[in-house]
Amino acid sequence: MNTPTAVAAPSAQASATASAPDAARRKSSPAQSMLVTGNQAVAWGARLARPQVCPVYPITPQTPVLEQLTEFQADGEFDAEIITPESEHSVMSACIPASLAGVRVFTATASQGLLLMHELLHYASGARAPIVMANINRTVASPWAFWPDQTDSLAQRDTGWIQLYVESAQEALDSVIQCFRVAETVLVPAMINLDAFYVSHAMEAVDIPASADVDAYLPPFAPPHKLDTAKVESWGNVVSQEMFYRHRQAIEESMARVPQLLAEADRAWRERFGRGWGVVERYRCDGASAVVVTMGSMCGTARDAVDAMRADGHAVGLVKLRLFRPLPAEALRAALAGVRDAIVLDRNHSPGLGGILHQELKSALYGMAGAPRVHGLLAGVGGVNVPPRKIVEFVQAARERDPQPESVWVR
Amino acid sequence: MIKIDVPQEAMLCSGHAACPGCIAALSVRHILATMGPDTMAVIPPSCMAIIAGPQPMSSLKIPVYQPTLESSAAAASGLRRALDAQGKRDTQVLVLAGDGGTYDIGFQCLSSAAERNEDFLYICLDNEGYMNTGAQKSSSTPHFARTGSTPAGKTTRKKNLAEIMAAHGVPYVATASASHLKDLIAKVEKAKSIRGTRILTVLIPCLDGWGVPDDMGLTAARYAVESGAFPLFEIEDGTRYTLNVAQKTRPVSDYLALQRRYRGMAAQDVATLQGEIDAAWAKLVARSNEGRHEAIAVG
């Protein structure tokens, strides 16, 4: 076998050479406060991150992200190459080599679209392509439905993507930019998940950072290896068992750095913009004997329930899991140390298993001295409304009984 | 024997992993030499992916991205746009896919890319079946051919990829064969000079899959063209047809006799196949003449 070209697997090393977009094409925008939806906030985050390629396919309830981006482009405010293929499968297929060619890539999807991408999600992480994607959490068919439910993205937990779950439009915008910083550092793709309608379509006042500040926060993407005819490297061909093994190990090592890197990225964000979201947030957990653990929009409801219970003199708090992959087990253990009951609210369903966060939390706490009792509640599956008073009831009922190994259906 | 002057730069290096006598390797050698070094290849799982070699080695002197089997045209789109975003508009994106990855599983995204007129050259190395997995039928497998999944012979005809892609209105669709090397190279050169989606189908007799002796691959390719089973033509902008080898000089039985995949065909079936080829040929001739009349009328 002749070996004319060195074919190196990408590694997570820093590189000094940047492929910065043409400075002349960089439009600037001022800091402003706007009333926008979660989807629009995602699009603003993407615009400020200055991706150069955006393949995207419309799907409810993600479509406004696509439309906002194409509108930005039509207005001359967003100069990414927007590709509109025939399916989400082709969207992700286009994202990967674009990223490997050394440009920043953003896309967005939801539900069935994310499932259609499944094969390529593995392919992207294997290729070490730090694509950032927003996913609007929506029920998975069949039957057809359009309600908030996180089963779509949780079913992708083994695909090698960083996963964040956000609670608000502001957090969605901030997370898109933070995710690019983390993903491009470790060369692992990242997914920001926001609940259908509760976050994607609800309007709120959002602080849009000045583009110059985001430019200072997020350096241009400069991967150590890329597809380039001037320096020939390739990606994708067959490897030996040994090479495959080492490749997976390298991905794991990169994933292991993510909780720390996200914490740092969030700290830097807080310093620059005055707000941060953490990796795992403890809300009113001081001295709490019972703590609700959940993700996404349910956190907002749980805050109200916690406030109500605190007002009634109950020592109850909330742990919001923002980073789900990699699962920040140490942070979860620290957040739940000394707590008697952890009540997990799962807005997802894995048949034969129950609630996915329930299972993940149990595994994270396994073997922990004085670990809390973990109660898994299937609450809000299929978008069923879970008002604060219901969460109060769930917590009270859970505290009075021994936890079950299975998740329990509640409503 | 005629000596043909062709570009000789070795972009496909010796020592590659193709079977001895492989027509894909021969064809790609000339295709790559014509494309030159400022080219990136997208090669999905296929014989060509094997020929490209296992990591960390490569038999190609250009970057190769290997996508999933069904996503070549989508991957080429993403790669193209990333190059455009970097101002590398002169770098060519070249897909080298098999017929399974083109006619079958990759067809949806190919149609989509053609509709968007994405700027790349898509070459289908058409060996008329899933040869890399041991010779099963694809929708490119011709009528009556035996494969692992059609042991009694395929009961339906080969999909007409060129016509379908031409119907997208892309600037350039053509067929080629290494048996007509000058024509193949001229088509690659022409395709290289055009922007937009360009699709070239190259017939690749598969020695093992078709049951052809190691030294008869080119003969099979030549007979395919001469019998009209695989006519060489171009369709520009979806409308202008050119028949490059304008005469059919052999009965299809000559072509069939070279290949084990057509063994034991009934005379009636041979006649049916000959009829299909004659009808398709007549249509091509008519379309080619139509274009000529138009050109005369305009000129």
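The model is predicted: local features need pLDDT of at least 70, side-chain atom pairs count only at pLDDT 80 or more, and totals for chains, interfaces and linings use all residues. Residues are numbered from 1 along each chain as its sequence is written, while chains are lettered from A and ligands numbered from 1 in the order in which they are written.

**Domains of chain A.** Chain A splits into domain 1 (26–273) and domain 2 (281–409). These bounds come from an automatic or database domain assignment. The domain centres, taken over C-alpha atoms, are 27 Å apart. In the contact between them, 27 residues of domain 1 meet 21 residues of domain 2. Contact means that C-beta atoms, placed from the backbone, lie within 7 Å. On the domain 1 side, helix H6 (151–154), strand S6 (162–166), strand S7 (190–195) and H9 of chain A each supply at least two residues. Helices (H or I, at least four residues) and strands (E, at least two) are DSSP runs, numbered from the N terminus. That side holds 17 nonpolar, 6 polar and 4 charged residues. Ala, Val, Leu, Ile, Met, Phe, Trp, Tyr, Cys and Pro count as nonpolar, Asp, Glu, Lys and Arg as charged, and the others, Gly among them, as polar.

**A sheet in chain A.** Six strands form an open, mixed sheet in the order S9-S11-S10-S13-S14-S15 (chain A). Strands S9 (280–283) and S15 (408–409) of chain A are at the edges with a single partner each, so one side of each has no neighbour in the sheet. Pairing takes at least two DSSP bridges between two strands. Within the sheet, Val292(A) stands opposite Ile343(A) in S13(A).

**A sheet in chain B.** Here 8 strands form an open sheet with mixed pairing, ordered S2-S1-S3-S4-S6-S5-S7-S8 (chain B). Leu96(B) stands opposite Ile123(B) in S4(B).

| Strands | Bridges |
|---|---|
| S10 (290–294) and S13 (341–346), chain A | 4 bridges |
| S3 (92–98) and S4 (120–126), chain B | 5 bridges |

**Helices on the sheets.** Angles run from 0 to 180 degrees between N-to-C directions, with axes fitted to C-alpha atoms, for helices over the stretch in contact. Helix H10 (298–311) of chain A lies across S9, S10, S11 and S13 of chain A, at about 165 degrees to S11(A).

Definitions and conventions. Two residues are in contact if their C-beta atoms, placed from the backbone, lie within 7 Å.
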